Amino acid sequence: MGRYDFRPLRVYQTASQLYASERIKNVPSWHEVVGTVPPAQTLVRTQPLQHQERPRRSNVRKPSKLFQPQRVVYEEDSLRKEFFGDHPWELARPRVVLENDGKDAERKDLSLVAQPDRPIDGESVIQRQMFLLHGNPEKGQRPDPKMTPARAYDQARKEFYEMRLQQDIERRVAKEEAMATGAYFGKSTLQIGMELEDKIFEEWKAWASAEVIQQEQRRAAMYTGVDNETAALPEGEQEMEAALGEVDSTVPAQGQEARGGAAFVP
């Protein structure tokens with residue numbers, strides 16, 4: 001039959017010939033249907049049409065920004081960027097993130113940086129600066145007409161520094177009082193960090209010293225004719241390597257018979 005089997009394609013003709021020669025009494029039930037709608041004659045299955053992406057032209061105009069949402073910008077964002085840009089370590093301080101409803105001005109006295117129910121942080125400076133710029137119209141507190149963002153920032157920072165200095169003094173006095181009564185405090189974070197840095201420095205110093213010695217030995221070997229492997233060895237091992245090199249030529253190779261004595265003068 002060859003490579004392909006064409007008998008399924010000739011099933012209609014075969015059934016017709018068998019009925020005409022009276023080898024079968026009745027035609028199959030599918031005979032009329034196959035004669036009306038014959039099967040496909042193609043044996044190779046065609047691939048479906050693939051969609052190809054057309055390269056976009058560079059001169060095509062971009063879609064309109066009509067349906068693009070507008071950028072939400074608040075005045076406090078620029079103030080936070082300026083403050084935390086000048087005080088990046090304020091972001092490293094642990095803080096409690098509380099959701100507020102934006103009505104702090106109604107419940108708190110923003111004429112002061114420190115609040116009784118909230119620890120002082122960078123956000124306190126931002127709220128204080130906003131109060132100096134816009135006041136609190138709901139409580140009848142109006143801002144100074146001569147107040148500028150730079151002056152408000154300087155005044156809020158000054159009050160912030162004074163409060164932080166007061167907190168540091170209170171912690172120092174409390175520690176001294178506790179130590180006077182027999183309390184013992186471990187190493188501070190700064191001391192632990194310095195010890196870790198010193199440990200890493202000593203390890204690097206030992207590694208750097210070994211590297212300098214090896215480089216000096218390689219540099220000396222370039223002018224004395226000693227190979228690098230021998231130059232890197234300690235002094236005692238270098239003498240042993242030199243002695244073995246003198247008698248290396250007199251020792252027979254593996255598989256050879258030693259004949260006579262080796263001329264070796266100690």
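Is Tyr161 buried, partly exposed or exposed? Tyr161 counts as partly exposed, at 38% relative accessibility; buried means under 20% relative accessible area, exposed over 50%, and partly exposed in between, with a 1.4 Å probe and protein chains only.

Some conventions apply throughout. This is a predicted model, in which local features need pLDDT of at least 70 and side-chain atom pairs count only at pLDDT 80 or more, while totals for chains, interfaces and linings use all residues. Residues are numbered from 1 along each chain as its sequence is written, and side-chain values use heavy atoms, with hydrogens and water left out.

**First stop: the aromatic rings**

The structure holds 4 aromatic pairs. Rings of Phe, Tyr and Trp (its six-membered ring) pair if their centres lie within 6.5 Å; planes under 30 degrees apart count as stacked, over 60 as edge-to-face and the rest as tilted. Select Phe83 and Phe84: their ring centres are 5.2 Å apart and their planes meet at 80°, so this pair is edge-to-face. Phe83 is buried at 0% relative accessibility, and Phe84 is also buried, at 16%. Next, select Phe160 with Tyr161, whose ring centres are 6.0 Å apart with planes at 55°, so the pair is tilted.

**Second stop: the salt bridges**

Side chains of opposite charge can pair when their charged atoms come close. A salt bridge is defined here as a side-chain nitrogen of Lys or Arg within 4 Å of a carboxyl oxygen of Asp or Glu, and the structure holds 8 of them.

Select Arg80 and Asp77, which form a salt bridge with their closest N and O atoms 3.4 Å apart. Both residues belong to helix α3 (residues 75-86); because they are 3 residues apart, about one helical turn separates them. Helices (H or I, at least four residues) and strands (E, at least two) are DSSP runs, numbered from the N terminus. Asp77 is partly exposed at 33% relative accessible area, and Arg80 is partly exposed at 27%.

Glu123 is buried, at 14% relative accessibility.

Then move to Glu90 and Arg93, whose side chains meet in a salt bridge at 3.5 Å, N to O. Which of these two residues is buried? Glu90 is buried, with 14% relative accessibility, while Arg93 is partly exposed, at 43%.

Select Lys175 and Phe185. Lys175 lies over the face of Phe185, at 5.7 Å from the ring centre; the criterion is NZ of Lys or CZ of Arg within 6 Å of the ring centre and within 35 degrees of the ring normal.

**Last stop: a nonpolar patch**

Finally, select Leu165, Ile169 and Val173, which make a nonpolar surface patch of about 250 Å². Patches are made of residues with over 30% relative accessible area and no salt bridge, like charges being joined within 9 Å and nonpolar side chains (Val, Leu, Ile, Met, Phe, Trp, Tyr) within 5 Å. Accessible areas come from the Shrake-Rupley method with a 1.4 Å probe; for residues, only the protein chains shown count as cover. Leu165 lies in helix α6 (residues 149-180) and is exposed, at 53% relative accessibility.
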